[in-house]
Amino acid sequence: MTEDLKRLSQEAIAASAVADDPDYPCFHVVPPVGRLNDPNGLLVDGDTYHAFYQLSPFHPHRKLVYWGHSSSTDLLHWRHHAPAVIPDSSYDLSGAYSGNAIVLEGHEVDAAPTRAPFQLFYTGNLKDPVTDERTASQCLVTSGDLTDFAKWPGNPLIPAHAEGYTSHYRDPQVFRDPDRPGEYRMLIGVQRADETGAAVLYRSRDLVSWELEGELSFPGAGGAFDAFGYMWECPGLVRLKDEDTGEDWDVLIWCPQGITPDREGFENIFPCVYTVGHLVGTELRDTGGVFHEVDRGFEFYAPQVFARRPSEPGPVLLTGWAGNASEDDQPSIETGQWVHALTMPRILSLKAGRLIQCPAASLPYDAGEPALVGECVKAGLYEIDELSGHRSWQLRLEADAEQTTGPWGLQIGSDDSHVDITLDRQVLRVDRSTSRYAQHGSVRSVTLPEGCAPVLEVIHDRSLTEVFVGDGALVLTLRSFVDVNSTGARLMVDGDLALTAGSTRTFAPS
């Protein structure tokens, strides 16, 4: 008898006890049960944001991947829905893997064979139970209302990998071609037959018939990306205008597995990087071979941006997975049978060729300005009274660089179990060695971008912390499993600290 995978997932969700776990974040996207990983199909529909994501509802007992689904009207209060993509077809029985969404409108809906405004693209994964040989295909799910979802009868759209590549061929990103109206492109992360990573581009006029254009190349990059790791995952292109020059640039964000650059950073099992250029055909020109990490944290991977209707423009919002591959051994598996989360959505911009990321929402309850603002704070440890009693909060502090003589920052947690976040001139240091989760990196020191202002913003949500320095010039994400009985934060000062501005906001669980 064939399993009813949708019913089984809903039963697992109904039996979940995640809400009783004191580590379960309040205002981030987290799984209703089991394991969450890559964000998928992020989109905006009017005043509602939809986040789909990789969901393994039976984890750790059975690692079968669905697309989970949550929605919000304010990017803070998230409502769980039934899983949207069920791995129950001949081409995805081993999992409905990552992909993205595109939102159609007007004549686009009329011209599409699917006649549906919401198009969700994903990789169907199928493994032979005897040989373990993988078949990866690119597939389509459509919806008219984001409540009911239907797999396209003509699936898979792209049934197998192209010649010259292995079956590691996944994570489609579909987008409108800004230079050729009425046409669409699909970017897929791949592995070449020689086991090096790359990306390929397809083109379509109707979103169901796709023609291979070729491999994405980087002229003028000096060969920097020719053998850049052994597999590229979750590639995505987004066009941004540089705030300094007014010039439009195409930003490629992707996760190259197996790179070990000879410079600071790239400490996670797999990194997430970006490069900035101009896409012409299948060439990403003018990158100069330069690349940077998107987030310098212990946990960050597979980000993508929210899709919008062309008639409803808005800020470019990016969300990533606050996790890493093969790192599921977090305390929440034992306490609540769930693991991982998505980052808070961030407003993405470009300045002098570097990404700027700022929180897309502010917490709802204004606790005011910290009492220490406006003072010259001497060396010591100071409770931030405005955050006392809260385990989910947002804090922003600005310092006068000339009058500040030593390291300063925050301590989150108790005396015995805490995370320390320290700014020392042009270095950010994060130490979670006394927390309940330090086995995948305990201390990280990061050199700040040149000219980075001494502005520290921290968003803390029970067991997840996001650090923004210099108004988004640098971002660092980490899982911060500190003492569950601790609240608020303490200001750490070594030397003199002149705080010129600050604000605190809190979030109460519903």
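Asp 242 is buried (under 20% relative accessible area, with exposed over 50% and partly exposed in between, using a 1.4 Å probe and protein chains only), yet Asp 242 has no salt bridge. A salt bridge here would need a side-chain nitrogen of Lys or Arg within 4 Å of a carboxyl oxygen of Asp or Glu. The nearest side chain of opposite charge, Lys 351, is 6.9 Å away; for charges, Lys and Arg count as positive and Asp and Glu as negative, while His and the chain ends are not counted.

Keep in mind that this is a predicted model, where local features need pLDDT of at least 70, side-chain atom pairs count only at pLDDT 80 or more, and totals for chains, interfaces and linings use all residues. Residues are numbered from 1 along each chain as its sequence is written, and side-chain values use heavy atoms, with hydrogens and water left out.

**Around Asp 242**

- You'll find Asp 242 in the loop between strand E13 (231–241) and strand E14 (248–257); strands (E, at least two residues) and helices (H or I, at least four) are DSSP runs, numbered from the N terminus.
- Leaving aside residues up to four places away in sequence, Asp 242 touches Glu 247, Trp 249, Leu 350, Lys 351, Ala 352 and Gly 353, where contact means heavy atoms within 4.5 Å.

- Strand E21 (residues 346–351) pairs with E22 in the antiparallel sense over 6 bridges, and Arg 346 stands opposite Pro 359 in E22.

**The sheet of 6 strands**

- Another open sheet has 6 strands, also with antiparallel pairing, in the order E25-E34-E27-E28-E29-E30.
- Its edge strands are E25 (380–383) and E30, each pairing on one side only.
- On average, neighbouring strands of this sheet are turned by 15° against each other, direction ignored.
- E25 runs antiparallel to strand E34 (residues 490–493), joined by 4 bridges, and Glu 383 has Arg 490 as its bridge partner in E34.
- Strand E28 (residues 418–424) and strand E29 (residues 427–431) are antiparallel and joined by 5 bridges.
- Their hairpin has 2 residues between the strands, and Arg 425 takes a positive phi near 60° there.
- E29 also pairs with strand E30 (residues 443–447), antiparallel over 5 bridges, and Arg 429 has Ser 445 as its bridge partner in E30.

**A look at Thr 422**

- Thr 422 sits in strand E28, and its bridge partner in E29 is Arg 429.
- With a relative accessible area of 18%, Thr 422 is buried.
- Among the residues Thr 422 touches, beyond those up to four places away in sequence, are Pro 407, Trp 408 and Met 492.

- The structure holds 0 disulfides; a disulfide is a pair of cysteine sulfur atoms within 2.5 Å.
- The sulfur of Cys 234 is 5.3 Å from its closest cysteine sulfur, in Cys 255, which is too far for a bond; Cys 234 is buried, at 11% relative accessible area.
- The sulfur of Cys 272 also has its closest cysteine sulfur in Cys 255, at 3.9 Å, again too far for a bond; Cys 272 counts as buried at 2%.

Conventions. Pairing = 2+ DSSP bridges. Axes fitted to C-alpha atoms, helices over the stretch in contact; angles between N-to-C directions.
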